[in-house]
Amino acid sequence: MSESPLLIEDQGAVRVITVNRPDKLNALNSATLDALHHAFDDAAADDAVRVVVLTGAGPKAFVAGADIAEMADLRPVEGRDFALRGQAMMRRVETLPKPVIAMVNGFALGGGLELAMCCHLRIASDTAKVGQPEVNLGLIPGFGGTQRLLRLAGRAATLELCLTGAPVNAERALALGIVNRVAPAAELQAQTMALAEQLANAAPLALRGVLDCINTGGESAIGEGLAFEAAQFGLMFATEDMREGTRAFLERRKPEFKNR
């Protein structure tokens, strides 16, 4: 078997998945897309995993894009299938019932920005740059870039980034809402893991309820979203974690959530 393009490590309840192709700036080829899909399937099924951190190997790139060498000779149907393959993997990440944090340690361009945007939270190094440069190759984003960027940053910013192909730095990405936080490069890992640990200690079923509500409500009319939220809120009253959380609050102690 060929060597995996991923490194996977558990740090307590936090699973760290690293795209490990630093010589290619962690570009996404078919094998890497498939490996990521399987890795997130495994994370979803493992009850010991409460949070996932996704990052790229090396000092230069989170993921610098899709693998152009693999794409260059694709025919139209093959190109569509490659896009669908990437979209399916990223939808797997987006719908994971556990928080996923993108630790953007360098370039996140094209498919790399698309991968970061399908994560639930994004923390970027102050040296990172993000963008959708596909137009410079005679292409358009194919892994969901036009759609997720539109939802995160709005129409004006999406048109600018996708039409010009020019990247933006981390501070502008923060101002546009593309990333949640910016950290000094030397502190990126520590700050990301601190957030991951905070989430890992929260009530897993409540986190799942939040993710489900936002994923559903973001694609629904307000009335449908509110109804779904109310139903999910009611379900929380069937959980042991809700009883533990409310008791701990009243008893002025730290709750111990058991994912039940």
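In these legends, Ala, Val, Leu, Ile, Met, Phe, Trp, Tyr, Cys and Pro count as nonpolar, Asp, Glu, Lys and Arg as charged, and the others, Gly among them, as polar. The model shown is predicted.

**View 1. The second largest pocket and the classes of its lining residues.** The lining divides into 13 nonpolar, 6 polar and 3 charged residues. The volume of this second largest pocket is about 430 Å³.

**View 2. Residues around the centre of the second largest pocket.** Of the 22 residues that line this pocket, A66, M71, E134, L139 and I140 lie nearest its centre. Two or more lining residues come from each of α2 (68-71), α3 and α4. The largest share, 4 residues, is given by α3.

**View 3. The largest pocket and the residues around its centre.** The space in the largest pocket is about 660 Å³. Its lining is made up of 25 residues, and E94, M117, H120, I214 and N215 are those nearest the centre.

**View 4. Elements that line the largest pocket.** The helices α3 (76-94), α4 (111-118), α5 (145-153) and α9 (204-217), together with the strand β7 (121-125), each give two or more residues to the lining. With 5 residues, α9 supplies the largest share of this lining.

**View 5. Classes of the residues that line the largest pocket.** Here the lining holds 12 nonpolar, 7 polar and 6 charged residues.

How values were computed. Residues numbered from 1 in each chain as written. Predicted model: local features only at pLDDT ≥ 70, side-chain atom pairs only at ≥ 80, totals over all residues. Heavy atoms only, no water. 1 Å grid on protein atoms, 1.4 Å probe; cavity = no way out; pocket = protein on both sides within 12 Å on 5 of 7 lines; lining within 4 Å. Points joined across faces, edges and corners; volume = space filled by probe spheres on them.
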